[in-house]
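Subject: Structure handover

Hi,

Here is the structure I promised to pass on. Have a look at it first, and then read on for what turned up.

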Amino acid sequence: MPLARETGPCWVLLVPAPGAGELHDVYRGRHKMAQVWQAVAAHLDAHPEILAAGRLTDGQRAEKQDARDRRAEVLLAEAEVPFREGRWDEALALVDRAELASPRLERWDRFRRLIESKRAGG
């Protein structure tokens, strides 16, 4: 499902790349809009129930976001163990999963820089 993240005065649209299984940042120009809409259309074709889903109330949306934020915090706490043990790739993978759980927390790059710094001996 495409994700959007507020980044200052604009939003960043993240969409699944066809066949790649990863998210790509459209705002930074990695993909042409035609590719983006092709990925969105493919996702909607695979999951037509999205279009028929009812609208969530503000309270329901807030509950879902809170649950995503809690999941991200759990994953981030889990990343501390491999970080302290020097298992950098595992720590980075957990930070990536935390960001996917709740992109809005917007501190993920700071954690990645910290892990990369420790990996480099800093």
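When I say two residues are in contact, I mean that they have heavy atoms within 4.5 Å. Among contacts between residues at least 6 apart in sequence, 37% join residues at least 24 apart. Bear in mind that this is a predicted model.

**Overall layout**

The protein has 5 helices and 3 strands. Starting at the N terminus, the order of the elements is β-β-β-α-α-α-α-α. There are 122 residues, and 29% of them count as buried.

**Helix 1**

Helix 1 covers residues 33-46, which is 14 residues. From first C-alpha to last it reaches 20 Å, close to the 20 Å expected at 1.5 Å a residue. Its buried residues are Val36, Ala39, Val40 and His43. Looking down the axis of helix 1, those buried residues fall within an arc of 100°, so they line one face of the helix.

**Helix 3**

Helix 3 has 27 residues and reaches 39 Å from its first C-alpha to its last, again close to the expected value, here 39 Å. Several of its residues are buried, including Gln65, Asp69, Leu75, Leu76 and Phe83. Helix 4 and helix 5 are among what covers the buried residues of helix 3.

Gln60 also lies in helix 3. The side chain of Gln60 reaches the backbone nitrogen of Thr57 at 2.8 Å, and Gln60 itself is partly exposed, with a relative accessible area of 36%. After the other end of the helix, look for Gly86, which follows helix 3 and has a positive phi, near 80°.

In soluble globular proteins, nonpolar side chains tend to be buried together. The largest nonpolar core here has 15 residues, and Val95, Trp108 and Ile115 touch the most other members. Helix 3, helix 4 and helix 5 are the elements that give two or more residues to this core, and helix 4 gives the most, with 7 residues.

To see how Ile115 is packed, leave aside its neighbours within four places in sequence: Ile115 is then in contact with Phe83, Trp88, Ala91, Leu92 and Val95.

**Salt bridges**

Side chains of opposite charge can pair when their charged atoms come close. The structure holds 11 salt bridges, and a few deserve a look.

Glu73 pairs with Arg107, with the closest N and O atoms 2.3 Å apart. This pair links distant parts of the chain, 34 residues apart: Glu73 is in helix 3 (residues 58-84), while Arg107 is in the loop between helix 4 (88-101) and helix 5 (108-119). Both partners are partly exposed, Glu73 at 36% relative accessible area and Arg107 at 24%.

Arg84 forms a salt bridge with Glu80, and here the closest N and O atoms are 2.7 Å apart. Both residues lie in helix 3, 4 residues apart, or about one turn of the helix. Arg84 is exposed, with a relative accessible area of 63%, whereas Glu80 is partly exposed at 38%.

Arg87 forms a salt bridge with Glu85, the closest N and O atoms being 2.4 Å apart. Arg87 counts as partly exposed, at 32% relative accessibility.

**The network around Arg112**

Asp96, Glu99, Asp109 and Arg112 are linked in a network of salt bridges. Arg112 is found in helix 5. Is Arg112 buried or exposed? Arg112 has a relative accessible area of 19%, and the cut-off for buried is under 20%, so Arg112 counts as buried.

The side chain of Arg112 makes a polar contact with the side chain of Glu99 at 2.5 Å. Beyond its neighbours within four places in sequence, Arg112 is in contact with Leu92 and Val95 as well as with Asp96 and Glu99. Val95 was named above too, as one of the residues touching the most other members of the largest nonpolar core.

Cheers

Technical notes
Residues numbered from 1 in each chain as written. Predicted model: local features only at pLDDT ≥ 70, side-chain atom pairs only at ≥ 80, totals over all residues. Heavy atoms only, no water. Salt bridge = Lys/Arg side-chain N within 4 Å of Asp/Glu carboxyl O. Buried < 20%, exposed > 50% of the residue type's maximum accessible area, 1.4 Å probe, protein only. Core = buried A, V, L, I, M, F, W, Y, C linked by side-chain atoms within 4.5 Å. Expected span 1.5 Å × (residues − 1). Arc of directions from axis to C-beta. Polar contact = N/O pair within 3.5 Å; in protein donor to acceptor, adjacent residues only side chain to side chain.
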